[in-house]
Amino acid sequence: MNDKNLSLELANPNKTDQPDDPVECLGRSFVNDTERRDYYLAILADKLKDPEFRKIEGFPIGADEDILNLSDPPYYTACPNPFIGDFISYYGRPYDSSEKYKREPYAADVSEGRNHPIYNAHSYHTKVPHRAIMRYILNFTKPGDVVLDSFGGSGMLGVAAQLCGSKDEVLSLGYLVDDNGGIKTHKDERTTAQVGGRYAVVNDLSPIATFIAKNFNNCFNNAKLQHSINGLIQEVEEKLGWLYSTVHNTHDIPQACDLLSKGDYAAAADVAKGRLNYVLWSDLFICTECAYENIFWEAGVDLINSKINDQFNCTKCSSLIKKSKAERVENTLFDQALNKAIKQSKTVPVAIGY
């Protein structure tokens, strides 16, 4: 995103500032990442015109323009990826019958929590923590191998394959790592695995699954991401900051209200000077004797003893009111979404923390 367009732009979710650094992709060199993407988008656009390609089972229902806008080829396509063969040819190795392959079955119990930031970044049903998957990848593959997940879901296998190249992440599994990247579970046993990233092909019939997986595994520039986030925060602050502002001095209220009425929200927020942390709202109960609307926070809450009373006295006529039998004050309003009148409990602000 550029500075002039920091709003949420959904037309092209892959839009980025054009980097100057040259990039290499599947053995080809490009002046920058934009050139790389344009090159492969042109190939994908031609492929989408092939009727046989569109007959592939699971091909999404959508216009070519939408598929191209969502795609970032050759790494991700919002349809069957025609570049998988090129990916495997470039990163994979031909089968060699003379190469000895022997791995012991992974027989240990695997238990990983679901409170890791990566796991919580985006919910998805049947999601598996990436650290659980890493144990199997490390056991059965070596650095540089290509791993396939045909039912990729949210892409945790791709995350796991990449993080096998992180010594710190491997250590977090409880393994021991020597100076050469060798991995073992106990000090006195032989090295059984090696630290190093693996390449992953993640596939799923669900378009939303592949889109989530792409964003979990997509490489990005941390500095540019932070710059974009800061820009979005600033834009939201300018437009909506007044909603979370309050006045510190009551004599500033008229000026703040006047600025709000003129639509000058930034100036109104500046006058208010207080940033809201919370607003406490209280229900109102009707006195059955005098019909007075009692603010429950004032009449039924004992702040000294930090207690909510089951019954309280009407603040006007002192009649005893039982909370369980008291009638709440309600407002009737028209709900445009439901196209009918609805009732809502009337509440008033009784405390502001700022």
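Modeller: The side chain of Arg 198 reaches the backbone oxygen of Gln 194 at 3.0 Å. A polar atom of that side chain also lies 2.5 Å from the backbone oxygen of Gly 196. This is a predicted model, in which local features need pLDDT of at least 70 and side-chain atom pairs count only at pLDDT 80 or more, while totals for chains, interfaces and linings use all residues. Residues are numbered from 1 along each chain as its sequence is written, and side-chain values use heavy atoms, with hydrogens and water left out.

Arg 198 belongs to the loop between β6 (193-194) and β7 (199-202); strands here are DSSP runs of E, at least two residues, numbered from the N terminus. Arg 198 is buried yet has no salt bridge. Buried means under 20% relative accessible area, exposed over 50%, and partly exposed in between, with a 1.4 Å probe and protein chains only. A salt bridge requires a side-chain nitrogen of Lys or Arg within 4 Å of a carboxyl oxygen of Asp or Glu. For Arg 198, the nearest side chain of opposite charge is Asp 145, 5.9 Å away. Lys and Arg count as positive and Asp and Glu as negative, whereas His and the chain ends are not counted.

Not counting residues up to four places away in sequence, Arg 198 touches several residues, including Ile 137, Leu 138, Asp 145 and Cys 164; contact means heavy atoms within 4.5 Å. Tyr 199 is placed in strand β7 and is partly exposed, with a relative accessible area of 33%.

Terms used:
Helix = DSSP H or I, 4+ residues; strand = E, 2+ residues; numbered from the N terminus. Polar contact = N/O pair within 3.5 Å; in protein donor to acceptor, adjacent residues only side chain to side chain.
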